Amino acid sequence: MKTYQVRYRNTQGTFLRILTAVQRRGLDMSFVHAEKSGDQHLVTLALQMNAKQAEQVSRDWHAIMDVDEVSVSDLPKMAASPVLASPSRLDASQPIPRFAGATASA
Amino acid sequence: MRKGADIVLSCLRAEGVELVFGYPGGAIMPLYDVLEGSGVRHILSRHEQGAVFAAEGYSRATGKVGVAFATSGPGATNLITGIADAKMDSVPLVCITGQVRSTLIGSDAFQEIDVFGMTLSLTKWSRLVRSVEEIPAAIAEGFHWARSGRPGPVVIDIPGDIFRTQAEFSGPATFVPKRAEASYAKDTALFARLVDLFRNAKKPVALIGGGAKLSGAIEPLRSLLDRLQVPTCATVHGLGAVDPNKGFYLGMVGMHGTRQANLATHDTDLLLVLGARLDDRVTGEPSRFAPNAKIVHFEIDPAQLDRVRGGELAVLGNLADTIPALHRAVIDAQLPTWPEWLALVKGAERSTADATGSAEPTVRFLDELYSHLPKNSIVVTDVGQHQMWAAQRYCSGNPRGFITSGGLGSMGFGLPAAVGAQLACPEATVLCISGDGGFQMNIQELATVRRLNLPVKMVIINNKYLGMVRQWQQLFYNRNYAETDLSDNPDFVDIAEAYRIPSQRVGVEAVAGESISQETKHLFDGFLQSSEPELLVFDCHPEANVFPMVPTGASLSEMLTEDK
């Protein structure tokens, strides 16, 4: 199980699209927490996914119009009790790049 | 001061919309009330699914955004299949749905449905408009997302009171996205790597998908392929992107692809994928797809990269930019040619297996019909065996000349999509090929055809079965033809007569013999050249099967080529 964080602009439906990308794969969401973070929002999800699922879900998240960043980290020990876990106390997370392959030139 | 409904139509006109397809109802009545004189022509379908498929046909034929209107509740839910269809096949579509008035939302009001929630996983973007002032921005943003990047559907849900509310309107809005679409078109190192891959390849193959058409990159694509001279195949949505008369063209690849295309794609050591998402109908068993190949994937949607199988190289961006970049890199490079490889893939032992036995009359019928089609005709199909035969035999180089429901495979698509295509291209011959099952799913659109006097040429390949399902039941379910018998179909000629549409029926004898008779040729000419809508029912063999066929779990090289 790992912790995924998705940073997004809280426009209509964006949060629901982030959740839909997970639920359409029949994955359990054992922990979900969304909060304002600066001028954006941040949702934290604890998910058990295999490598292929994680890749696909991350890609689906990146494809959502108002999603800016997706990152992953190992689940902190304190999240054994999910209610007590706080996103601000998570270990440093690794960003998941939007694109595979060579460096993009926008 | 303008009513919200007026503002909607003004904003649609500003987006270049001339034609919308729809069906009125309670919640959307205020919008219909202001249609007259708005400059937007409304085409009344006879079912909202007919409207959204017609909007798709219009969009697929032109590249413009298709627009469909529907009322709340059942009107909106009847759009769902078309929205899903547009998502799967990357069709730019904007659906405007009426919603119950704002104060009733969430109360399970009459004809209230959460269309926003229902379509979340089907749309690129959607919006429940909460004030009349939001309308211009919602429409501008909706159209942007519908047509940009990988095109797709959007839904804009507008409560009835918002349509009726008046507000100052200073003009349509413009939308500027907050994040730019990435492109690798200027990454010269990437293209240098790709040229090296070509230099080292022994058996390269190019696979062309619908993205080649969506990007408008047909001419650069054809120039590139002429330079590369590699064996080239197309997905069902890529048909027409490549000139079929080119010596390196192998035909359609995939579950019902040609032997040449499937064997070449299986054997290749370098697969250049241009604008295809490598759907499982194309790959066969994904884990056994092109087992020896390095895959170079040109794609606009990052979500499609490495989705089915890991690639060697990803070239992200619009093909209109990335194909010319590749061409420039290739021009200066001293690439080998692959004449022995091309001779092998096009050789007699790999050549397309012509249909034999019970499928042969249907294939001859389609071949003959196609030979009578004028240039720049549009073929629209429904879904099933007829669709695969129509795709296999398609031999035109008109990039927007073959319209079909690919990714979702929606039966009932053909007739309404043909309505949209005919309205989009009034001078073109639009040939709609359906099966007897699918034709009945939106048969009510014959009324639309008749009302508008659309000269659509409709063919029903009538085998009195749900043919493709029956084929699978024959091959994989021990001939247990459960619920696929349509032998009690009505007489389609009688139905056409009721809709005042000329019709006729022919059987396999019309295409029997060494060569097609003059009588049949005159019949086809008369049928296609009529200024009226026409229906032609072809009574074919009930248990003909489509081959080649790649069964589930098999690789492209493991095609079935004859009945078991």
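Helices (H or I, at least four residues) and strands (E, at least two) are DSSP runs, numbered from the N terminus. With that in hand, select Asp60(A), which sits in helix H2 of chain A.

Before moving on, note that this is a predicted model: local features need pLDDT of at least 70, side-chain atom pairs count only at pLDDT 80 or more, and totals for chains, interfaces and linings use all residues. Residues are numbered from 1 along each chain as its sequence is written, while chains are lettered from A and ligands numbered from 1 in the order in which they are written.

**Stop 1: Asp60(A)**

Is Asp60(A) buried or exposed? Asp60(A) counts as buried, because it has 20 C-beta neighbours inside 10 Å. (Buried means 20 or more other C-beta atoms within 10 Å of the residue's own, exposed 12 or fewer, partly exposed in between; C-beta atoms are placed from the backbone.) Leaving out residues up to four places away in sequence, Asp60(A) touches Ala21(A) and Ala303(B). Contact here means C-beta atoms, placed from the backbone, within 7 Å.

**Stop 2: two helices of chain A**

Now show helix H1 (residues 14–23) and helix H2 (residues 51–63) of chain A. They pack at an angle of about 155 degrees, with axes 9 Å apart. Axes are lines fitted to C-alpha atoms, for helices over the stretch in contact, and angles run from 0 to 180 degrees between N-to-C directions. H1(A) and H2(A) are therefore roughly antiparallel. (Under 35 degrees counts as roughly parallel, over 145 as roughly antiparallel, 65 to 115 as roughly perpendicular, the rest as oblique.) Colour the contact: Ile18(A), Ala21(A) and Val22(A) from H1(A), with Val57(A), Asp60(A) and Trp61(A) from H2(A).

**Stop 3: the sheet in chain B**

Switch to chain B and find the open sheet of six strands, in the order E3-E2-E4-E5-E7-E6, with parallel pairing. Two strands pair if DSSP finds at least two bridges between them. E3 (41–44) and E6 stand at the edges with a single partner strand each, so one side of each has no neighbour in the sheet. Pick E2 (residues 19–22) and E4 (residues 66–70) of chain B: two bridges join them in the parallel sense. Gly22(B) stands opposite Phe69(B) in E4(B).

**Stop 4: where the chains meet**

Finally, show both chains. How many residues of chain B are in contact with chain A? There are 24, and they meet 22 residues of chain A. E6(B) gives the largest share of chain B's side, four residues.

Technical notes
Contact = placed C-beta atoms within 7 Å.
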